[in-house]
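Welcome! Here is a short tour of one structure, with a few of its residues picked out along the way.

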Amino acid sequence: MATLDIKHIARFLGALSIEERVQIITVLLTEGKDGLSTQDIAVRTELGASAVFKQLEALAGIELVFVKSVDNTKVYIPNTLLIDELFEGLYQQYGPAIHARLEQQELEALEEQSGQHQS
(Lines give C-alpha, C1' and ligand atoms only; values in the text may rest on other atoms or scores of the structure.)
Protein backbone atom coordinates (compact mmCIF):
# COMPACT_ATOMS: atom_id res chain seq x y z
CA MET A 1 0.00 0.00 0.00
CA ALA A 2 2.76 2.32 -0.99
CA THR A 3 0.72 5.18 -2.39
CA LEU A 4 -2.18 5.25 0.08
CA ASP A 5 -1.39 6.52 3.54
CA ILE A 6 -3.44 5.79 6.66
CA LYS A 7 -5.35 9.07 6.35
CA HIS A 8 -6.52 8.23 2.81
CA ILE A 9 -7.37 4.65 3.72
CA ALA A 10 -9.54 5.85 6.60
CA ARG A 11 -11.20 8.42 4.35
CA PHE A 12 -12.09 5.85 1.68
CA LEU A 13 -13.28 3.28 4.19
CA GLY A 14 -15.35 5.96 5.91
CA ALA A 15 -16.95 6.84 2.58
CA LEU A 16 -17.77 3.19 2.05
CA SER A 17 -19.31 2.82 5.51
CA ILE A 18 -22.64 4.00 4.11
CA GLU A 19 -24.72 1.12 2.76
CA GLU A 20 -26.13 3.06 -0.20
CA ARG A 21 -22.63 3.94 -1.38
CA VAL A 22 -21.58 0.30 -1.27
CA GLN A 23 -24.68 -0.61 -3.29
CA ILE A 24 -23.82 2.06 -5.86
CA ILE A 25 -20.18 1.00 -6.13
CA THR A 26 -21.27 -2.63 -6.50
CA VAL A 27 -23.67 -1.78 -9.33
CA LEU A 28 -21.05 0.33 -11.07
CA LEU A 29 -18.44 -2.40 -10.78
CA THR A 30 -20.74 -5.14 -12.05
CA GLU A 31 -22.80 -3.32 -14.65
CA GLY A 32 -21.20 0.01 -15.33
CA LYS A 33 -18.18 -0.62 -17.55
CA ASP A 34 -19.31 2.21 -19.81
CA GLY A 35 -20.83 4.16 -16.93
CA LEU A 36 -24.37 4.50 -15.69
CA SER A 37 -26.63 7.47 -15.21
CA THR A 38 -28.16 8.39 -11.88
CA GLN A 39 -31.48 6.98 -13.07
CA ASP A 40 -29.93 3.68 -14.20
CA ILE A 41 -28.22 3.32 -10.83
CA ALA A 42 -31.45 4.19 -8.99
CA VAL A 43 -33.31 1.46 -10.88
CA ARG A 44 -30.62 -1.16 -10.25
CA THR A 45 -30.23 -0.32 -6.55
CA GLU A 46 -33.92 0.41 -5.90
CA LEU A 47 -32.89 3.67 -4.24
CA GLY A 48 -34.47 7.02 -4.98
CA ALA A 49 -32.80 9.07 -7.71
CA SER A 50 -32.16 12.00 -5.37
CA ALA A 51 -30.52 9.72 -2.78
CA VAL A 52 -28.38 8.14 -5.51
CA PHE A 53 -27.36 11.56 -6.80
CA LYS A 54 -26.37 12.72 -3.31
CA GLN A 55 -24.27 9.60 -2.70
CA LEU A 56 -22.68 9.78 -6.17
CA GLU A 57 -21.61 13.36 -5.59
CA ALA A 58 -19.94 12.32 -2.34
CA LEU A 59 -18.21 9.38 -4.04
CA ALA A 60 -17.08 11.61 -6.90
CA GLY A 61 -15.79 14.15 -4.39
CA ILE A 62 -13.27 11.64 -3.07
CA GLU A 63 -12.66 10.18 -6.53
CA LEU A 64 -14.08 6.71 -5.91
CA VAL A 65 -16.20 7.37 -9.01
CA PHE A 66 -15.57 9.52 -12.06
CA VAL A 67 -18.18 11.63 -13.83
CA LYS A 68 -18.33 12.15 -17.56
CA SER A 69 -20.91 13.64 -19.87
CA VAL A 70 -22.49 11.43 -22.53
CA ASP A 71 -25.19 12.99 -24.70
CA ASN A 72 -25.76 15.73 -22.11
CA THR A 73 -26.24 13.15 -19.35
CA LYS A 74 -23.92 12.67 -16.40
CA VAL A 75 -22.57 9.15 -16.40
CA TYR A 76 -20.71 7.66 -13.44
CA ILE A 77 -17.82 5.23 -13.72
CA PRO A 78 -16.07 3.45 -10.84
CA ASN A 79 -12.44 4.37 -10.23
CA THR A 80 -11.32 0.75 -10.47
CA LEU A 81 -7.64 1.60 -10.12
CA LEU A 82 -8.21 3.30 -6.77
CA ILE A 83 -10.65 0.65 -5.55
CA ASP A 84 -8.24 -2.13 -6.53
CA GLU A 85 -5.34 -0.32 -4.84
CA LEU A 86 -7.36 0.20 -1.68
CA PHE A 87 -8.52 -3.39 -1.27
CA GLU A 88 -5.33 -5.03 -2.53
CA GLY A 89 -3.35 -2.91 -0.10
CA LEU A 90 -5.68 -3.77 2.77
CA TYR A 91 -5.42 -7.46 1.89
CA GLN A 92 -1.62 -7.29 1.75
CA GLN A 93 -1.40 -5.33 4.99
CA TYR A 94 -4.11 -7.04 7.05
CA GLY A 95 -4.94 -10.30 5.23
CA PRO A 96 -3.37 -13.75 5.70
CA ALA A 97 0.16 -12.41 5.22
CA ILE A 98 -0.03 -10.50 8.50
CA HIS A 99 -0.17 -13.75 10.45
CA ALA A 100 3.07 -14.96 8.87
CA ARG A 101 4.74 -11.60 9.57
CA LEU A 102 3.59 -11.61 13.20
CA GLU A 103 4.74 -15.20 13.71
CA GLN A 104 8.13 -14.33 12.19
CA GLN A 105 8.45 -11.31 14.48
CA GLU A 106 7.60 -13.45 17.51
CA LEU A 107 10.13 -16.07 16.47
CA GLU A 108 12.84 -13.44 16.00
CA ALA A 109 12.03 -11.90 19.38
CA LEU A 110 12.24 -15.32 21.08
CA GLU A 111 15.54 -16.09 19.34
CA GLU A 112 16.94 -12.71 20.37
CA GLN A 113 15.72 -13.21 23.93
CA SER A 114 17.20 -16.71 24.18
CA GLY A 115 20.50 -15.41 22.73
CA GLN A 116 20.64 -12.76 25.44
CA HIS A 117 20.06 -15.36 28.16
CA GLN A 118 22.96 -17.50 26.93
CA SER A 119 25.44 -14.58 27.11
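Arg44 has a relative accessibility of 37%, so Arg44 counts as partly exposed; that label covers the range between buried (under 20% relative accessible area) and exposed (over 50%), using a 1.4 Å probe and protein chains only. This is a predicted model, in which local features need pLDDT of at least 70, side-chain atom pairs count only at pLDDT 80 or more, and totals for chains, interfaces and linings use all residues. Residues are numbered from 1 along each chain as its sequence is written, and side-chain values use heavy atoms, leaving out hydrogens and water.

The whole structure holds 2 salt bridges, a salt bridge being a side-chain nitrogen of Lys or Arg within 4 Å of a carboxyl oxygen of Asp or Glu.

| Salt bridge | N to O distance |
|---|---|
| Arg44 and Glu31 | 2.4 Å |
| Lys74 and Glu57 | 3.9 Å |

Lys74 belongs to strand β3 (residues 73-78) and Glu57 to helix α4 (residues 49-61), so their pair ties together parts 17 residues apart in sequence. Helices (H or I, at least four residues) and strands (E, at least two) are DSSP runs, numbered from the N terminus. Lys74 is partly exposed, at 43% relative accessible area.

Lys74 also touches Ser37, as does Thr73, leaving aside residues up to four places away in sequence; contact means heavy atoms within 4.5 Å. Is Ser37 buried or exposed? With 14% relative accessibility, Ser37 counts as buried. Ser37 sits in strand β1 (residues 36-37).
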